[in-house]
Amino acid sequence: TTEIYTLSLHDALPISYFQRVYGSFFSNKTNQKLDAKLSRPVSNSQDTNMKSSPLRITLILWMLALPLFSQSLNARYELNQGVQAFKRNKIEESVYHFKAAVSLDDKLVTAHLYLATALATEYTPGVDQPDNVQLGEQAIEEYKRVMEMSPDNPNSAKGIAALLFNMKKLDESKEYHRKVIDLDPSDTESYYAIAVIDWTQTYTA
């Protein structure tokens, strides 16, 4: 069995299981049949039967929601694959899976956070080559996305501050360390980082 991270029990079932059980609902042929049925005029007798059968209505709504459910499940599958790759130190592979998870479910906060972390891991401090700089900038953008979705969590601001420091953008780094302190006044690392930045700007300018 594959270990699933940050998922509830029903999400932990493998993709193949849902494809076997609900596979017919995802086929184009089935969707076409369903569209045809929904577009037919409803006679009085049919209307009466429909009203007398709330279970039928529930079933139709459930069938219509299945593609969205499948998409979310696939996103969590990609997220798990990315975690497994990251644990094996296959960072590029993990980035691929985390990007896939984000494309499938853009509201999955954990996927954005893990993608930012993987990109930041690939970034090499002090190397100004365009590809490397782009990695750092992409990581910052993902961290900012996490901040928008989860504004009370200081970890993304801390990640941005560290990247900006390594990119020698000291004033911006200090700004994000202050955001960390606003969210978590007990974070001693950010106070220390600000002191290091002040010292660097004073004695190495």
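This briefing covers the fold, confidence, core and selected residues of one predicted protein model.

The protein has ten helices and zero strands; both are DSSP runs numbered from the N terminus, with helices being H or I of at least four residues and strands E of at least two. Of its 205 residues, 33% count as buried, that is, under 20% relative accessible area, with exposed meaning over 50% and partly exposed in between (1.4 Å probe, protein chains only). Residues are numbered from 1 along each chain as its sequence is written, and side-chain values use heavy atoms, leaving out hydrogens and water. Because the model is predicted, local features need pLDDT of at least 70 and side-chain atom pairs count only at pLDDT 80 or more, while totals for chains, interfaces and linings use all residues.

**Overall make-up**
- From the N terminus on, the element order is α-α-α-α-α-α-α-α-α-α.
- Contact means heavy atoms within 4.5 Å. Among contacts between residues at least 6 apart in sequence, 56% join residues at least 24 apart.
- The protein exposes about 13,100 Å², and carbon and sulfur atoms supply 54% of it. Accessible areas come from the Shrake-Rupley method with a 1.4 Å probe; for residues, only the protein chains shown count as cover.

**Confidence**
- The average pLDDT is 76, and 65% of the residues score at least 70. pLDDT is the predictor's confidence in each residue, from 0 to 100.
- Residues 1-39 have a pLDDT below 50. This stretch has 42 contacts in the model beyond near neighbours in sequence.
- Residues 65-69 also stay under 50 in pLDDT. The model has five contacts for them beyond four places in sequence.

**Nonpolar core**
- The largest nonpolar core holds 28 residues. Such a core is a set of buried Ala, Val, Leu, Ile, Met, Phe, Trp, Tyr and Cys residues joined through side-chain atoms within 4.5 Å.
- Ile160 and Tyr176 touch the most other members of this core.
- At least two core residues come from each of α4 (54-87), α5 (91-104), α6 (109-122), α7 (130-149), α8 (155-166) and α9 (170-183).
- Leaving aside neighbours within four places in sequence, Ile160 contacts Ile140, Tyr143, Lys144, Met147 and Tyr176.
- Ser156 sits in helix α8. Ser156 is buried, at 1% relative accessible area.
- Not counting residues up to four places away in sequence, Ser156 touches Leu113, Tyr143, Val146 and Met147.

**Helix α9**
- The 14 residues of α9 should span 20 Å at 1.5 Å a residue, and its end C-alpha atoms are 20 Å apart, which agrees. The expected span is 1.5 Å times one less than the number of residues.
- Buried residues in α9 are Leu170, Ser173, Lys174, Tyr176, His177, Val180 and Ile181.
- They lie on the same side of α9 because they cover an arc of only 165 degrees around the axis. The arc is that of the directions from the helix axis to the C-beta atoms.
- An α-helix has 3.6 residues a turn, so residues three or four places apart point the same way.
- The face turned away from the buried side carries exposed Asp171 and Asp182.
- Cover for the buried residues of α9 includes α7, α8 and α10 (188-203).

**Positive phi in two loops**
- Most residues other than glycine have a negative phi.
- Asn89 has a positive phi, near 65 degrees. Asn89 lies in the loop between α4 and α5 and is exposed, at 62% relative accessibility.
- Lys168 has a positive phi of about 65 degrees and is not a glycine. Lys168 lies in the loop between α8 and α9 and is exposed, at 65% relative accessibility.
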